[in-house]
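Please look over the chain and its two ligand sites with me. My notes are set out point by point.

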Amino acid sequence: MPSKPVLFTAAALIAAGVIFGVIFWLTSRANDTTTFALLHTGKTIAENGRDGQPACVQCHGGNGEGNRAMGAPRLAGMPAGYLEKQLHDFARNPLKAGVTLDPIAHDYNKTPKIQVDLTALTPGVRRVDAMNAISATLNAQEVKAVAFYFSSLGYNFTAIPSDPETLARGEDLALRGKPEYGIPACASCHGADGKGYGNHFPPIAGQAPEYIVQQLNQWQTGARDNDQMALMRNIAEQLTDGDKINVAAYFANIAVSSTGGVSSP
Ligand code: HEC
Ligand code: HEC
């Protein structure tokens, strides 16, 4: 017959185990419920739109795969935090009517570098008619939900072919940059394979070349100025039209795919 203290310790250990087990089960269930609720809300917005605004899937594709002809990027599998940030940036008030932006000359010899207080540029705006209107109808929780939903979707992006000369020039800019003009390699922030890093440095591989060029154009004109510390704008300002086409062809030539899935919201 074991002594009383031994029995007591054993009972206490078993009780503690049961209590921890129940707490663990409850928290994991709570997480499941949050995940499920977010995905459900996100899917509903994605497939039905809001306040008379068209559904996201009408332009971004039924599975968020993007629509090359419409210029709508792939959203499937993009980092949720990145998508969330973009939706907030789209929702921010565009400039008042009547204000126009002069495109910056593409010949960078004519474009002296403007030195500004970089912190004054964030949080910026992103002006795209289709997206500005829709984003403004979503509250913060809905933005989180729809971003989380699209980030959970799998995708299969097939490489878009291009001629070897264009690809070689694009690769050079992507992997080496143009140190002589102070342009870092795209790969240093977007990853060697263009798959991005975390929520702040989005993947570029797996987007159509037209979309990539379009973004670089928008940084040059100032229509997109939502990058932290003008990281992209400072680079885009120095790219020639040829650079943009080459580097876009290079990244669009990388096949990427994912089966999807959720990480915690
Ligand atoms: C009428 C077409 C249309 C609809 C509807 C639409 N989008 Fe878009 N969306 C676009 C286009 C076009 C772009 C690319 C804009 C650009 O060139 O910068 C875009 C860009 C985006 C981006 C930026 C992605 C990136 O890689 O930076 C996000 C995020 C996004 N849309 C989310 C949504 C969500 C969520 C919905 C539904 C609530 C939605 N869109 C509905 C056309 C649409
Ligand atoms: C110093 C870091 C840095 C370097 C180098 C860099 N980028 Fe970026 N890039 C960023 C950041 C940060 C963003 C996201 C900005 C935001 O939050 O909207 C971005 C966004 C982009 C996007 C938009 C993706 C989307 O889904 O809308 C494209 C396209 C892009 N970069 C292309 C390039 C190319 C091409 C190069 C090389 C010529 C390059 N970047 C080099 C930091 C960098």
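The points below go from the whole chain to its cores, helices, ligand shells and loops.

1. Basis. This is a predicted model, in which local features need pLDDT of at least 70 and side-chain atom pairs count only at pLDDT 80 or more, while totals for chains, interfaces and linings use all residues. Residues are numbered from 1 along each chain as its sequence is written, and chains are lettered from A and ligands numbered from 1 in the order in which they are written.

2. Confidence. pLDDT is the predictor's confidence in each residue, from 0 to 100. The protein chain has a mean of 86. 79% of its residues reach 70 or more. Residues 117-121 stay under 50. For that stretch the model has five contacts beyond four places in sequence, a contact being two C-beta atoms, placed from the backbone, within 7 Å. Where pLDDT is low, the predicted coordinates should not be read in detail.

3. Overall make-up. The protein chain has ten helices and two strands. These are DSSP runs numbered from the N terminus: helices are H or I with at least four residues, strands are E with at least two. The order from the N terminus is α-α-α-α-α-β-α-α-α-α-α-β. Of the contacts with a separation of 6 or more, 75% join residues 24 or more positions apart. Of the 265 residues, 31% count as buried. Buried means 20 or more other C-beta atoms within 10 Å of the residue's own, exposed means 12 or fewer, and partly exposed lies in between; C-beta atoms are placed from the backbone.

4. Cores. A nonpolar core is a set of buried Ala, Val, Leu, Ile, Met, Phe, Trp, Tyr and Cys residues joined through C-beta atoms within 7 Å. The largest has 24 residues. Those with the most contacts inside it are Ala46, Leu83, Leu87, Val146, Ala147 and Phe150. Helix H1 (4-48), H2, H3, H5 and strand E1 (155-157) each supply at least two residues of this core. H5 gives the most, with seven. Not counting residues up to four places away in sequence, Val146 touches Gly42, Ile45, Ala46, Cys56 and Leu138. A second, separate core has 19 residues, among them Leu173, Ala174, Ile235 and Ala248.

5. Helix H5 (residues 140-151). Its twelve residues should span 16 Å at 1.5 Å a residue, and the end C-alpha atoms are 16 Å apart, which agrees. The expected span is 1.5 Å times one less than the number of residues. Nine of the twelve residues are buried. They are Val143, Lys144, Ala145, Val146, Ala147, Phe148, Tyr149, Phe150 and Ser151.

6. Helix H10 (residues 241-252). Ten of the twelve residues are buried. Among them are Asp243, Lys244, Tyr250 and Phe251. The cover over the buried residues includes helix H6 (164-176) and helix H8 (209-221).

7. Ligand 1. 23 residues surround ligand 1, each with its C-beta atom, placed from the backbone, within 6 Å. The closest are Pro54, Cys56, Cys59, Val128 and Ala130. Helix H2 (56-60), helix H3 (80-91), helix H4 (129-135) and H8 each supply at least two residues of the shell. The largest share, four residues, comes from H2. The shell divides into 17 nonpolar, six polar and no charged residues. Ala, Val, Leu, Ile, Met, Phe, Trp, Tyr, Cys and Pro count as nonpolar, Asp, Glu, Lys and Arg as charged, and the others, Gly among them, as polar.

8. Ligand 2. 22 residues surround ligand 2. The closest are Pro184, Cys186, Cys189, Gln215 and Asp227. Helix H7 (187-190), H8 and helix H9 (231-236) each supply at least two residues. This shell has 13 nonpolar, seven polar and two charged residues.

9. Positive phi. Met229 is not a glycine, yet its phi is about 55 degrees. Ala230 has a positive phi near 55 degrees. Met229 counts as exposed because it has 11 C-beta neighbours inside 10 Å. Ala230 is buried, with 21 other C-beta atoms within 10 Å.

10. Gly196. This glycine is in the loop between H7 and H8. Gly196 is partly exposed, with 19 other C-beta atoms within 10 Å. Gly196 and Met78 are 118 residues apart in sequence and 9.3 Å apart in space, C-alpha to C-alpha. Beyond four places in sequence, the contacts of Gly196 include Pro79, His190 and Phe201.
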